[in-house]
Amino acid sequence: LAPQKSTYDVIVIGAGIQGSFTAYHLAQRHKDTLLLEQFLLPHSRGSSHGQSRIIRSAYPQEYYSRMMPDCFRLWQQLEAETGTTLYRQTGLLVLGPPGEPELEACRRSLGVDEVLDAAALSRRFPGFRLQAGQVAVLDSTAGVLFADRALRAVQEVFRRHGGTLRDGEKVLSIQPGATVTVTTTAGVYKAPRLIITAGAWTGAFVEQLGLRLPLQPLRIDVCYWREKQPGSAGLGSVSPCFLTLGLSQAPHGIYGLPSIEYPGLMKVCHHHGSPTDPEKRDQIPSSTPRPDIAVLSSFISSYLPGLETQPAVMETCLYTNTPDEDFILDRHPKFSNIVIGAGFSGHGFKLAPVVGKLLCELSLGEEPSYNMAHFAITRFPGVLGAAQ
Ligand SMILES: Cc1cc2nc3c(=O)[nH]c(=O)nc-3n(C[C@H](O)[C@H](O)[C@H](O)COP(=O)(O)OP(=O)(O)OC[C@H]3O[C@@H](n4cnc5c(N)ncnc54)[C@H](O)[C@@H]3O)c2cc1C
Ligand SMILES: O=C(O)[C@@H]1CCCCN1
């Protein structure tokens, strides 16, 4: 037997959507890349599983909306490379009070926008109700990404370009240096460059590198709600996605996607959850109150009256939040050949093609394609522990 190959140009830890897109860009640029995943693929214990994610250009922060043309182009490229459909255009409504600063910023982020008042909204989309005075901004190019299918597609192209994906292999330790040594449950690998995209595990994982990142994993209830009469309420699979901004009954926001993955069931979730440890995600006593479900039930009875007010299906996902909900995309402050991509705060999927490109550029020592100030590790004080 030939000895197992152990030296690569770049090692990427974590095969969620961010690590997989990073590895895809590296392999397309002819870097000999090893992508390591602790669980057997596919799995549902991280943040990238499930069948749907929103993609939208409407963003309160222009540094994300500016990335969207590049994202749409790269998603289309992946569709062409794999001959699969990964995106369905549905449009997206941003619901809230007019004048609300983030809602106005979303309007500005769209070249052309359409603003509907309560009456115009229920004429056009009969399933939706607004409270008097509220408005809906329509982002017509937004839609749904087929998440599980997208993850498979990007990993397939990575492999096709010569990349090595090893799943069921957990990284136990990292030895920094000009050559980084990575020890897993099955082997020891070396590379001059390392990228860590370990999702909700990142905070605890990088402590061994003297880093204390303010990353908070949150357990998210992913809820699906049955249409009272399938299709009759103008919901169904042809309705738009939505998200709320500045509603006093849901300050963190609520979002929804049309009934695509489960016919007759619309996905409506709270953009919030309870702090958790990714290893203990499902260890919650059955008596624990479910405040997120209560917020959603109350929202549905006012805004989506065509849906039943108790969820029909519930699944679980993880967010990894930073205090400002901006991503961390940066080099380790002491070990510049170690790059970290984390803290995607529940909005990273659509942006993964550009996140992957930026992490690839950072790792190769190139000038990143976008301004990275909002993503710097040093925006958080005290990240290098006292021992460093
Ligand atoms: C309910 C929900 C709804 C969302 N909705 C949207 C949306 O509508 N639009 C949008 O753009 N985004 C959305 N997001 C956010 C998006 O899904 C995430 O930002 C994205 O999936 C994060 O990907 P990731 O690769 O960082 O994390 P993950 O997918 O968790 O990947 C990290 C991987 O690292 C692996 N790993 C960890 N430690 C190790 C180790 N020691 N060794 C080897 N492997 C390791 C893990 O097993 C995991 O597979 C949503 C997220 C959730 C949970
Ligand atoms: O990234 C998104 O587009 C959505 C918006 C609402 C919250 C969850 N993520």
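This is a predicted model: local features need pLDDT of at least 70, side-chain atom pairs count only at pLDDT 80 or more; totals for chains, interfaces and linings use all residues.
**Notebook: helices, sheets and one proline**

Just past helix H6, I found Gly162 with a positive phi of about 95°.

**Entry: helix H6**

I went back from that glycine to the helix. H6 covers residues 147-160, 14 residues in total. From first C-alpha to last I get 20 Å, close to the 20 Å expected at 1.5 Å a residue.

Which residues of H6 are buried? I listed Ala147, Ala150, Leu151, Ala153, Val154, Gln155, Val157 and Phe158. I kept the general rule in mind: an α-helix has 3.6 residues a turn, so residues three or four places apart point the same way. Next I looked up what those buried residues pack against, and the partners are H1, E2, strand E3 (52-55), H3, strand E8 (143-146) and E9.

I then checked the E3 and E8 pair, which is antiparallel and joined by 4 bridges. Ser52 has Phe146 in E8 as its bridge partner.

Are the faces of E3 covered or open? Both are covered. Ser52 and Ile54 are buried on one side, and Arg53 and Ile55 are buried on the other.

**Entry: the 6-stranded sheet**

There is also an open sheet of 6 strands, ordered E9-E2-E1-E13-E21-E20, and its pairing is mixed. Its edges are strand E9 (164-166) and E20, each pairing on one side only. The twist averages 15° from one strand to the next.

I picked one pair to look at. E1 and strand E2 (residues 33-36) run parallel, with 4 bridges. Ile13 stands opposite Leu36 in E2.

**Entry: helix H9**

How far apart are the end C-alpha atoms of H9 (residues 352-363)? They are 16 Å apart, which agrees with the 16 Å that 12 residues should span at 1.5 Å a residue.

H9 is mostly covered, with 11 of its 12 residues buried. I noted the names: Ala352, Pro353, Val354, Val355, Gly356, Lys357, Leu358, Leu359, Cys360, Leu362 and Ser363. So what covers them? I found that the cover includes strand E1 (10-13), helix H1 (17-28), helix H3 (68-82), strand E13 (193-196), strand E20 (328-331) and strand E21 (338-342). After H9 comes Gly365, with a positive phi near 75°.

**Entry: the E10 and E11 hairpin**

Strand E10 (residues 171-175) pairs with strand E11 (residues 180-184) in the antiparallel sense, over 4 bridges. Gln175 stands opposite Thr181 in E11. The two strands make a hairpin with 4 residues between them, and Gly177 in the turn has a positive phi of about 155°.

**Entry: Pro230**

Where is Pro230? I found Pro230 in the loop between strand E14 (216-226) and strand E15 (241-244). Pro230 has 14 other C-beta atoms within 10 Å. A residue counts as buried at 20 or more and exposed at 12 or fewer, so Pro230 is partly exposed.

Leaving aside neighbours within four places in sequence, Pro230 is in contact with Gly236 and Gly264.

Last, I looked up the division of the protein chain. Domain 1 is 10-49 + 148-215 + 324-379, and domain 2 is 92-140 + 222-319. Their C-alpha centres lie 31 Å apart.

How many residues of domain 1 are in contact with domain 2? I get 7, in contact with 5 residues of domain 2. On the domain 1 side of that contact I have 2 nonpolar, 5 polar and no charged residues.

Definitions and conventions. Residues are numbered from 1 along each chain as its sequence is written. Chains are lettered from A and ligands numbered from 1 in the order in which they are written. The expected span of a helix is 1.5 Å times one less than its number of residues. Two residues are in contact if their C-beta atoms, placed from the backbone, lie within 7 Å. Domain bounds come from an automatic or database domain assignment. Ala, Val, Leu, Ile, Met, Phe, Trp, Tyr, Cys and Pro count as nonpolar, Asp, Glu, Lys and Arg as charged, and the others, Gly among them, as polar. Two strands pair if DSSP finds at least two bridges between them. Axes are lines fitted to C-alpha atoms, for helices over the stretch in contact, and angles run from 0 to 180 degrees between N-to-C directions.
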